[in-house]
Amino acid sequence: MGYDGVKAICGKLRDISEEIEPLRKKDFTKVNLNEIKDQIIELFDKLRETKFISKKGKLREAGSTTASKILHLVCPDLFIMWDSAIRTRYGKNNGYGKDYFEFLMEMQRRVWKKLRFEIEKLQQKYGKKVTRIIDQYNWAITH
């Protein structure tokens, strides 16, 4: 992303920090995502649309993969990362906030509920967060 991209993302995070803070205590395994749907979509799109100048001097946007990774870093118990292969696997090719919200819903309804026992065993064995285990599961089935 380059230095300008990092500066742009840091600035955006400062701008939206008050919106993010209430989500930092949310737990993916317990939260009703529908109650925070609008917040998720809005935050994701604000991060995704963050503009910066690339090393080649072109105007760029942070993008969907970056937005999901940043949200995971600031709220690791709530947000799951994705990339283009994972988006494609789940039919979320546009990569907008609405798609990301639907992806989280699918992860909660399908993956967490279906594989809960296995995920909890892995969590205990390796000390990783549920959201990170689901990310690794998605990466393994798509790459």
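Buried means under 20% relative accessible area, exposed means over 50%, and partly exposed lies in between, with a 1.4 Å probe and protein chains only. Asp-15 is exposed, its relative accessible area being 60%.

## Basis of the model

This is a predicted model, in which local features need pLDDT of at least 70 and side-chain atom pairs count only at pLDDT 80 or more, while totals for chains, interfaces and linings use all residues. Residues are numbered from 1 along each chain as its sequence is written, and side-chain values use heavy atoms, with hydrogens and water left out.

Helices (H or I, at least four residues) and strands (E, at least two) are DSSP runs, numbered from the N terminus. Contact means heavy atoms within 4.5 Å.

Helix α2 covers residues 37-48. The 12 residues of α2 should span 16 Å at 1.5 Å a residue, and the end C-alpha atoms of α2 are 16 Å apart, which agrees. The expected span of a helix is 1.5 Å times one less than its number of residues.

The buried residues of α2 are Ile-40, Ile-41, Leu-43, Phe-44, Asp-45, Leu-47 and Arg-48. An α-helix has 3.6 residues a turn, so residues three or four places apart point the same way.

Helix α5 is made of residues 97-126, and α2 packs with α5 at an angle of about 130°, the axes being 8 Å apart. That angle makes α2 oblique to α5. Axes are lines fitted to C-alpha atoms, for helices over the stretch in contact, and angles run from 0 to 180 degrees between N-to-C directions. Angles under 35 degrees count as roughly parallel, over 145 as roughly antiparallel, 65 to 115 as roughly perpendicular and the rest as oblique. The crossing of α2 past α5 is right-handed; a crossing is right-handed if the near helix is turned clockwise from the far one by less than a right angle, and left-handed if anticlockwise. On the α2 side the contact uses Lys-37, Ile-40, Ile-41, Phe-44 and Asp-45, which meet Gly-97, Lys-98, Tyr-100, Phe-101 and Leu-104 in α5. By class, this contact of α2 with α5 has six nonpolar, one polar and three charged residues. Here Ala, Val, Leu, Ile, Met, Phe, Trp, Tyr, Cys and Pro count as nonpolar, Asp, Glu, Lys and Arg as charged, and the others, Gly among them, as polar.

With α3, α2 packs at an angle of about 125°, and the axes are 8 Å apart. That makes α2 oblique to α3. Again the crossing is right-handed, with α2 passing α3. Leu-43, Phe-44, Leu-47 and Arg-48 of α2 meet Ser-64, Ala-67, Ser-68, Ile-70 and Leu-71 of α3. Six nonpolar residues, two polar and one charged make up the contact of α2 with α3.

## Helix α6 and its cover

Helix α6 (residues 130-142) packs with α5 at an angle of about 105°, and their axes are 9 Å apart. That makes α5 roughly perpendicular to α6. From α5, the contact takes in Phe-103, Met-107, Val-111, Trp-112, Leu-115, Ile-119, Leu-122 and Gln-123; from α6, Val-130, Ile-133, Ile-134, Tyr-137 and Asn-138. By class, the contact of α5 with α6 has 11 nonpolar, two polar and no charged residues.

The 13 residues of α6 should span 18 Å at 1.5 Å a residue, and the end C-alpha atoms of α6 are 18 Å apart, which agrees. Val-130, Thr-131, Ile-133, Ile-134, Asp-135 and Asn-138 are buried in α6. The cover over the buried residues of α6 includes α3, α4 (84-89) and α5.

## Individual residues

His-72 lies in helix α3 (residues 64-74) and counts as buried at 8% relative accessibility. Leaving aside neighbours within four places in sequence, His-72 is in contact with Phe-79, Met-81, Thr-131 and Arg-132. Ile-141, in helix α6, counts as partly exposed at 33% relative accessibility. Not counting residues up to four places away in sequence, Ile-141 touches Arg-89 and Tyr-90. Ile-141 and Arg-89 are 52 residues apart in sequence, and their C-alpha atoms are 8.8 Å apart in space.

Ile-53 belongs to strand β1 (residues 51-53) and counts as partly exposed at 39% relative accessibility. Ile-53 is in contact with Asp-4, Lys-58 and Leu-59, leaving aside neighbours within four places in sequence. The C-alpha atoms of Ile-53 and Gly-5 are separated by 7.0 Å, with the two residues 48 residues apart along the chain. Asp-15 lies in helix α1 (residues 2-20), and the C-alpha atoms of Asp-15 and Lys-46, 31 residues apart along the chain, are separated by 9.9 Å.
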